[in-house]
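Visitor: I've got a structure open and I'm new to this. Could you walk me through it?

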Amino acid sequence: MPEQKIRVLVAKPGLDGHDRGAKIIARALRDAGMEVIYTGLRQTPEMIAAAALQEDVDAVGVSILSGAHNTLCPRIVGLLRERGMNDCLVLVGGIVPKEDIARLKEQGVAEVFLPGTSTEDIINFLRANVRPRT
Amino acid sequence: MSEIKELSTPAEAAVERWEQETLAPVLRQRPERREKFETVSLDSVERLYTPADIADIDFARDTTFPGEFPYTRGIHPTGYRGKLWTMRQFAGYGTPEETNARFKYLLEHGQNGLSVAYDLPTLMGYDADSLLSEGEVGKCGVAVSSLADMEVLFDGIPLEQVTVSQTINAPASVLLAMYLVVAEKQGANFNKISGTLQNDILKEYIAQKEWIYPIRPAMKLVVDTFEFCTKHVPKYNPISVSGYHIREAGATALQELAFTLRDGIEYVQWGMDAGLDVDEFVPRISFFFNAHNDFFEEIAKYRAARRIWAHAMRERFNAKNPHTLQLRFHTQTAGVSLTVQQPLNNIVRVAIQALAGVLGGTQSLHTDSYDEALALPTDQAALIALRTQQIIAEETGVVNTIDPLGGSYFIEALTKKMEDGALDYFNKIDSLGGMVAAVEKGFPQREIQDSAYQYQKAVERGAQTIVGVNKYVMEDEQGKIDILKIDEAARERQVTRLQQTKARRDNGAVANALEKLKRAAVDNENTMPATIEAVRAYATLGEICDALRDVYGLYEEPAF
């Protein structure tokens, strides 16, 4: 039986238009055999959670470079959990100061990837941490 | 077999002799470190450049003298001996009060021009109290929602004397109006006001993605500012055609050059189609380029840019005024090249990139701060960045002669290669129907995305070294560096001022002004006079943009 493909939503919340990273990640995950849905720019946390539910994804990769991560990321996690997506991983990539990382993790973010991370590391993280579907 | 072997020129014969007699024995003993050497834009960089590589360059036609067509060696006959570049550090964060203080700090330390960074809500045309602004107010720049904020931002800064560059695009006409009204309140004479509005909407659709309206009405707003400034603020640069963001989004140096200049040509075409005189408005069009790591390629890019522009203006538009032909540009070092890892290394990267900008003849320069991959810069980091420019200007001696690399076989050959490559892109874009049409078809966007992905893959397989990231990595980086924290209360303070402004103003006057603006937009008239009237009445940025959103609608990005 073929292994089920990991499904990932790549999301750009907030007003920031810097989508170079999001698009590179989307393409790299796709090249690694995952199913990738990219939300496009300027999605509210509500839109992102709704898309995650509708697409039934295993993980949401949030790309954010504007400094609004402390406001937006916990809200995305909260909305996913409210919708019963308890196993859905939330990964954050972008410009995030070190001291914010611990707080984001306490708030339910699975991992924060800083500039300079290789796409391989992200792929490996997803493969190791996405919970197999039952 | 009837193959005809061309005879070598004496220059080529000399190279062949060297290759056989001197080089070959050494290569037999020890091969080179790599089979192929390349830059981001060029497939291969030769081992050695000689007169044979510049045989097709005619000094009298292509290179010439500074201040003479096609300006390859610079637009000023005295280079930096006459006047140094303007040291213009981009700054802005939090509230207008905080940014005003940073501006004064930079001016006190020898900076001679200002450059405003606006926050994302301002860039997108939303007020601080908009739902969409949550978490974003004052984060990436200063928050400005109305004239009241602009008055604070430039408090105590005489706009007749200090030139100010504003990085604002989709709502640029509104911020220009606010700037002019503040200047007017200071008693400034519009004829003396200088400065630059970024106002380059094409590169937003191509790379930076901070758009509001669909492309064609957005281009019309740009042309409105050209027309208005030509008539009323003659020393002001109403646009800075920007390759910076195109590069940051992943373009190669060649793509940056080609797309930026082709954008420039598109604006000139639109201006002329609106009835403007090429030799009247084009002299106020300025450019903005990136300074990235590949040192010589960057220098060649700037030299090629001047030559391409001069030819394009003369040949496509029959321009006669020398100022129309002269490409002036601002440079900023590559934010995207900065690393979180071992951040002090960034000081060195910035210095080398800045040197490339200077050797390329930039008119003004921003050097990034070493902490920018972490957050907005602290005072200390911003000061080192400024000092970097001062060291280049006043210690290294590179400013003593004009275009010091001109005549280098390598630089001249690279300049030609960049020029040829850009002209190939021009042909492609012309065949798509021009830049607006090419953007609507997603052409430059796709080219850039492909380059960005290729670059990332090159980094990951180690073909492209990034010191501290994929080589010379330190697992346990010690050393904590201070970073600038943006006060989360910035939004509350901005919302309070917004409410006070709305309570004090004449709401009838605001409604009338907004109605007039809509009418101007519907009737395809110049929107600047109505925008200024609305700003004067303290209509907010969000209200003014909403009025135009009603008329023009919103841009929707083509699917990825």
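This is a predicted model: local features need pLDDT of at least 70, side-chain atom pairs count only at pLDDT 80 or more; totals for chains, interfaces and linings use all residues.

Visitor: Let's start with chain A. In what order do the 5 strands of its open sheet come?

Guide: The sheet is open, and its strands pair in parallel. The edge strands are β2 (35–38) and β5 (111–113) of chain A, each pairing on one side only. From one strand to the next, the twist averages 20°. Reading across, the order is β2-β1-β3-β4-β5.

Visitor: At what angle does helix α1 of chain A run to β2(A)?

Guide: Find α1 at residues 20–31 of chain A. This helix lies across β1 (7–11), β2, β3 and β4 of chain A. Its angle to β2(A) is about 160°.

Visitor: Now the two chains together. Which element gives the largest share of the side of chain B that touches chain A?

Guide: In all, 30 residues of chain B are in contact with 25 residues of chain A. On the chain B side, they divide into 16 nonpolar, 7 polar and 7 charged. Two elements give two or more residues there: α5 (120–123) and α19 (443–460) of chain B. The largest share, 5 residues, comes from α19(B).

Visitor: How many strands form the open sheet in chain B?

Guide: Follow the order β5-β4-β3-β2-β1-β9-β8-β7-β6, with parallel pairing. At the edges are β5 (236–237) and β6 (239–242) of chain B; each has a single partner strand, so one side of each lacks a neighbour in the sheet. Inside that order, β1 (residues 86–91) and β9 (residues 364–366) of chain B are joined by 2 bridges, and B:Thr86 stands opposite B:Ser364. The strand count is 9.

Visitor: How far apart are the end C-alpha atoms of helix α17 of chain B?

Guide: The helix covers residues 409–431, which is 23 residues. At 1.5 Å a residue, these should span 33 Å. The model agrees with that, because the end C-alpha atoms are apart by 33 Å.

Visitor: Which elements do the buried residues of α17(B) pack against?

Guide: Among the buried residues of this helix are B:Ile411, B:Leu414, B:Met418 and B:Tyr425. Just after α17(B), B:Gly433 takes a positive phi of about 105°. The packing partners of the buried residues, in chain B, are α2 (59–63), α11 (253–273), α13 (295–317) and α18 (435–440).

Note on methods:
Residues are numbered from 1 along each chain as its sequence is written. Chains are lettered from A and ligands numbered from 1 in the order in which they are written. Two strands pair if DSSP finds at least two bridges between them. Helices (H or I, at least four residues) and strands (E, at least two) are DSSP runs, numbered from the N terminus. Axes are lines fitted to C-alpha atoms, for helices over the stretch in contact, and angles run from 0 to 180 degrees between N-to-C directions. Two residues are in contact if their C-beta atoms, placed from the backbone, lie within 7 Å. Ala, Val, Leu, Ile, Met, Phe, Trp, Tyr, Cys and Pro count as nonpolar, Asp, Glu, Lys and Arg as charged, and the others, Gly among them, as polar. The expected span of a helix is 1.5 Å times one less than its number of residues. A residue is buried if 20 or more other C-beta atoms lie within 10 Å of its own, exposed if 12 or fewer, and partly exposed in between; C-beta atoms are placed from the backbone.
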